[in-house]
Amino acid sequence: MPALGVLRRLIMAPALEDVGFAGRGFDVEPTERTRQLEAVPQAVVTGFEWGIEDRDLATTERRLALVDPLNRGFAYEGATMACAIRDAMSRGGHRTRDLMRGGGRPHVFLNYIGIGFAMAKLPRPLWKKLLPDLTEPDLYPAMSWLCVDGYGFDRAYFDTATWVDGQRLDTPYDWDGAPSYWQRAFDQGVGRALWFIHGGHVGNVSAAVRAFAGDRQADLWSGVGLAATFAGGATAADLAALRAEAGAFAGHLAQGAVFAAKARHHAGFVPEHSSVAVHAFTGRTVEAVARLADDCAAVAPENGSTPAYEIWRRNVRTQMNVAVV
C-alpha cells in the first residue's frame, strides 16, 4: 500500500465503528433491519478506503465488483468521494470522470452523492474542480444536484447537533448557476440522513421532519422517501404508516421513491424492499416509475431560473398525484 494512500486514509476516513449508529450516538435499537441500514455507511467507508489507497482505478473497480449488489452502489459512493478528493488535490486529475464513465456508470446517481461527500471534506475554493464535465445522456448531468444532496446528508449525519437539532441553514453556493436552489437540494440530503439517524423508525423520523420549519419539510420528506426506498429498513406496514404521516407531503415522499427506484433500476439490481416501498408510496411498480422518471426528465431550465433537476422532480410529483390518493 503506498505511504501517501495510508496518509490520505488516516486523514480523511472515519473508522467503521465511528460511522455506525452507536458510534454516532444515535438512539437506534439494534435489529436485523437497523443493522441493514447500518451497513450502508460502512460500505461507503470501505469504498472510500479502496479509492483513496489504490494506485490504479482498475484495482478499485475490481474490488467494488466483489461487493454484494445490495450495497455496491454505496461502496461506489465512497470510491467516488475518494476519487474526487484525489482529483482536487492533484493537477489535471480525472479519476472521478474515469470512474463515472467506467465501472461506476450503472451507479451514476450514487456517484454524484459521493462527490457531495467529498465537498464536505474540502474547502469551497476546491469545489469547482470536483464535478467532471459529463454530457452523456446516460450519465444524467441534471442529476448533479445529488452532489448537494450528498453534501447535506454528510453534514446532518456527522454533525447532527448543528444541522438537525440546531436546523442551521447552509451558506448558498452557485451550483449549476442556481444558488437560490442550494438549500433545497441540501435539505433533500438532510431528509435522507434522518432516515438513518432514526434507524427507519417511522414515528421518530416523522417527528424529526415536523420539527423543521414548514417551508423545509417538503424537501425533507423527499429525502426520506428516497432513503426508505433505496436503503430499506422498514416493513410494508411501516411504509404505509410513513405515507400516512407525510400527509400533504405524500407527493414529495413518492417523488423521492421514484428517484430511488430509477437509481436501483439503472444499476440493474432491485431488492425486494425497494419494490415494496415504491408500491407503498406510489401504488406502482419499480419498472413503471423508472419509465415515468425518464418520461418526466427536463432537458433545460425554465428561463434559466429553476434547475432542470427541480423541473424533473416537479414533473414526477405531478404524475404521482394521479396515482397517490
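Okay, some housekeeping. Since the model is predicted, local features need pLDDT of at least 70 and side-chain atom pairs count only at pLDDT 80 or more, while totals for chains, interfaces and linings use all residues. Numbering runs from 1 along each chain as its sequence is written, and side-chain values use heavy atoms, with hydrogens and water left out.

Let's start with the helices, which are DSSP runs of H or I, at least four residues, numbered from the N terminus. Look at H15, residues 250–267, and H16, residues 272–282: their axes come within 9 Å and cross at roughly 150 degrees. Those axes are lines fitted to C-alpha atoms over the stretch in contact, with angles from 0 to 180 degrees between N-to-C directions. So H15 and H16 are roughly antiparallel, a label for angles over 145 degrees. Their crossing is left-handed, meaning the near helix is turned anticlockwise from the far one by less than a right angle.

Who touches whom? On the H15 side we have Leu 253, Ala 254, Ala 257, Val 258, Ala 261 and Arg 264, and they meet His 273, Ser 274, Val 278, Phe 281 and Thr 282 of H16; contact here is heavy atoms within 4.5 Å. That set splits into seven nonpolar, three polar and one charged. For the record, nonpolar is Ala, Val, Leu, Ile, Met, Phe, Trp, Tyr, Cys and Pro, charged is Asp, Glu, Lys and Arg, and the others, Gly among them, are polar.

Now, the holes. Searching the whole structure turns up four cavities of 30 Å³ or more. A cavity is a set of points on a 1 Å grid, over the protein atoms alone, where a 1.4 Å probe fits but cannot get out, and lining residues have an atom within 4 Å of a point. Volume is the space filled by probe spheres set on the points.

The largest cavity holds about 240 Å³. It has 18 lining residues, with Pro 41, Val 44, Phe 117, Phe 153 and Phe 158 nearest its centre. H4 gives the most to that lining, five residues. By class, the lining is 14 nonpolar, no polar and four charged.

The second largest cavity comes to about 160 Å³. Of its 16 lining residues, Leu 110, Ile 113, Arg 192, Leu 226 and Phe 230 lie nearest the centre. H13 has the largest share, four residues, and H15 from our helix pair is among the helices supplying at least two. This lining divides into 14 nonpolar, no polar and two charged.

Definitions and conventions
Parallel < 35°, antiparallel > 145°, perpendicular 65-115°, else oblique. 1 Å grid on protein atoms, 1.4 Å probe; cavity = no way out; pocket = protein on both sides within 12 Å on 5 of 7 lines; lining within 4 Å.
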